[in-house]
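Welcome, and thanks for taking a look at this one.

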Amino acid sequence: MTPQRWEQIRQLFDGALERPAQDRAAYLRVLCARDDELRREVETLLRSSEQAGEFLETPAAQLSQFVLRDPSRNPSHDDDAGGYPEGYRVGPYQFVRRIGRGGMGAVWLATRFDQEYRKQVAIKMVKRGMDSQEILRRFRTERQVLANLDHPNIARLIDGGSTPDGLPYLVMEYVEGTPIDQYCEWRRCSISERLHLFRAVCSAVHYAHQNLVVHRDIKPSNIMVADGIPKLLDFGIAKLLSPDGATLDLAQTRPEMRPMTLDYASPEQVRGEPITTATDVYSLGVLLFRLLTGKMPYGAKLGSQAAVQHAICEQGPLRPSSLVLADDSTGIPEATQKMEAVSESRDKARKRLRKKLAGDLDNIILMALRKEPHRRYLSVEQFSEDIGRYLEGRPVIARLDTPGYQFAKFVRRNAEGVAAAVVIGVALISIAVVSHDSEVVGAAARQQAELALQRTRHELVAAYLHAGEPGRAYAAAQVAYSATPADPLARRDLAQASQALGDQRESGGNRQEALRLYKEALTQYEALALTNPHDAGVQRDVMTSTNTLGAIQLEAGDVPGALSSYTRALQITEGLAALEGSQITAATRAEVAAANRRVGELLLRNGAKDAGLQKLRKALDIYRQLGANPEVAELTRQLAQ
Amino acid sequence: MDESTLGDSGEVTRLLGEIGRGQKQAVNDLLPLVYDELHRLARSYFRRERGEHTMQPTALVHEAYIRMVDQRAPLESHGHFMAVAATQMRRVLLDYARKHRAARRGGDDQKVLLEDTMVICEQRPVDMILLDVALEKLAVLDARQAQLVELRFFAGLSVEETAQVMGVSPATVKRSWSSARAFLHREMTGGSLDAAALGADSSAL
């Protein structure tokens, strides 16, 4: 057989499998025309496929079979599939059959025997051989999490314990259901039925959040619907939040041992950033997207895992409504009603669904799917209430991103490509504001537009700085500053851009220009500091800026200028130290020492010997306390001279 | 963690990074490292006192990942690692099978020999040596399908996980999986066309 021949056989085989068994013979007769051998190949393959049963379906198991049969060892007949045989008992529970399997463990259907009391439960076991510290820890977390959760839409924890050989297990409510997406598809639920189911899931997740639990793994296979009631399962990788909302063990950010289900993962999960309740809001957004369109937000043909990650972090999701007309396979009756009847009516039905999704539902889903956690719904409850408002026909709070924001996003993504667009871009938006102005719009709308414009200008400067284009950043910052001199953000942008451009001029050898820019940066920082005397961040900016200026003055041979800059920097640094008070950090103390030293050295150079020595001794004291040995050695030598 | 190879995690992570950038040589450098680690894990596991335990290759592969790869490595490294580890797990199992057959040779009868090359799966045992021969045939016809079998059967990845590692859709994995499984089953049960022509009983296992 050649690869080409196999390819041919495979395609026929795939095609035959897609057809009902009784149609296959005819299908093969037609397609294999005169090639009897080809037909026999496919037929034997189909027969093998039927006979194969569970062949290879369970991963290779039980290495001990080999090792334990080593002649030097005692033979063992412990030969169940890395788990437990049917009929195995733990406590009052007897295993019936395995109903689920994960990388670390398995879930068994079991019956509880208690005199007359008989009840079916699901038992989650750690697999033998998988009882590493990490997995046991996770198991304990899940048990702790579940013990505190009692909600109609969360599978209940009934019991827990350890097997005789010390492996922990959890006894859970047995939910004999269907994953929520399949349930909707099979039952051909309407949009509003889907939304109601989804809101029930939201109530479970919100309840968990109120109990400081983030699920982190919301996806259809973890939501089983039985008797029309969805139940959230598998808190296996849930996180406990501390009351202030941060996850408790941020240090433990290593990727999960089982590969993460990327499809429902949020940007912050992909990037390994802190997880909050907003993470569940995002995954719920993906779930709703899927329930309403049958598709995933970033399209199906993404190829590699890296591409999926990139899409999650960078690419905007598709608009749910745009998918309805693009494809047939939406399993929603609104989309496929009377599909078999007349093709016209099918098109109409799909247009109707598209109309339903366009607008509020689109906005609701896209709001949950925003990349930045803080820009999503504030809570799952808010998300769910917005759907409630939609169902009742009231206005929803979800809005599309403002044009200004979207423009800024565009600039950020394409920073280098928008070289000439600074002026044009700002001009365009100015025109938009003006035209807003000329229409009879409320003052509030105008104010909103102004704010959007302001934010866009800021985004432009940030984008250029980020792209390493300080010249353009400076130009953009000047435009912004002249438009709104009172806006502290504009002031800061101008300061940062001046500083960055100054650095560029300095390294390009244009010292005069660099000096001018550094001075301009300093002026802006000092103005900011004046209005925020207790803001350590601003003070630090002034300090850095002053020091930079001093260094370049010194290089230019302007000793008095440098001395005055360094003296000013010393004052600010000491002010910073005072702000930190008893909480002063080693870093700040080192800054104070360095500032004293700089001033001391310059004073000496200027002939002010006593004052200079005094500063150097002060620096030496601090360095000694900090245990900064090289500095101590050097200063000691300097002072000895 | 006595004779741990944790010190290598930087090296392994670096190699995974190179694989990510498309440097094929890195795969060859990584293969022996992973093979050794899987072997070492299997041996050390059974040297501990819990001889009654069973150890699943899937678990070994995951443990190897945790021990060998810097846990801050990018997520895609996981996929590259799994692809390499699946191939090597297949080799580890095959080695065990061959070794034990050799150890049993002489004295014992053929039946025992056969049993010793089996990996027990949920429903029925799978003969590792026969599977290896069949897989080699499949690899000649379609290397990607052979890799898929390694990922699903030897590394124990789910359809979705396999799809991620191979960069294809789950639907493609499912389709490809069923023809690969049918092919292997046919090869291993003597049900291929050549054998059928000779009148072999295709239903025998």
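## Strands, sheets and cores

Let us begin with a hairpin: S5(A) and S6(A) are separated by 5 residues, and among these Gly166(A) takes a positive phi near 90 degrees. This is a predicted model, so please read every value here as computed from it. Ser162(A) has Pro168(A) as its bridge partner in S6(A).

Chain A also holds an open sheet of 3 strands, in the order S7-S9-S10 and with antiparallel pairing. Which strands stand at the edges? They are S7 (178-179) and S10 (229-232) of chain A; each has a single partner strand, so one side of each is left without a neighbour in the sheet. Strand S9 (residues 223-226) of chain A is linked to S10(A) by 4 bridges, again in an antiparallel arrangement. Within this pairing, Val225(A) stands opposite Pro230(A) in S10(A). Helix H7 (residues 191-210) of chain A packs on the sheet, where it touches S9 and S10 of chain A. The direction of H7 makes about 35 degrees with that of S10(A).

| Strand pair | Bridges | Direction |
|---|---|---|
| S9(A) and S10(A) | 4 bridges | antiparallel |

Now for the interior. In soluble globular proteins, nonpolar side chains tend to be buried together. Here the largest nonpolar core has 75 residues, and those with the most contacts inside it include Ile123(A), Val201(A), Val205(A), Leu284(A) and Leu288(A). Helix H9 (residues 277-293) of chain A gives the most to this core, contributing 10 residues. What does Val205(A) touch, leaving aside residues up to four places away in sequence? Its contacts are His215(A), Ile218(A), Leu232(A), Asp280(A), Leu284(A) and Val380(A). A second, separate core has 64 residues, and Leu28(A), Leu41(B), Leu60(B) and Phe81(B) are among them.

That brings us to chain B, whose secondary structure comes to 10 helices and 2 strands. Along the sequence, these elements follow the pattern α-α-α-α-α-β-β-α-α-α-α-α. Chain B has 205 residues, of which 46% count as buried. Taking the contacts in chain B between residues at least 6 apart in sequence, 60% join residues at least 24 apart.

Methods. Residues are numbered from 1 along each chain as its sequence is written. Chains are lettered from A and ligands numbered from 1 in the order in which they are written. This is a predicted model: local features need pLDDT of at least 70, side-chain atom pairs count only at pLDDT 80 or more; totals for chains, interfaces and linings use all residues. A nonpolar core is a set of buried Ala, Val, Leu, Ile, Met, Phe, Trp, Tyr and Cys residues joined through C-beta atoms within 7 Å. A residue is buried if 20 or more other C-beta atoms lie within 10 Å of its own, exposed if 12 or fewer, and partly exposed in between; C-beta atoms are placed from the backbone. Two residues are in contact if their C-beta atoms, placed from the backbone, lie within 7 Å. Two strands pair if DSSP finds at least two bridges between them. Axes are lines fitted to C-alpha atoms, for helices over the stretch in contact, and angles run from 0 to 180 degrees between N-to-C directions.
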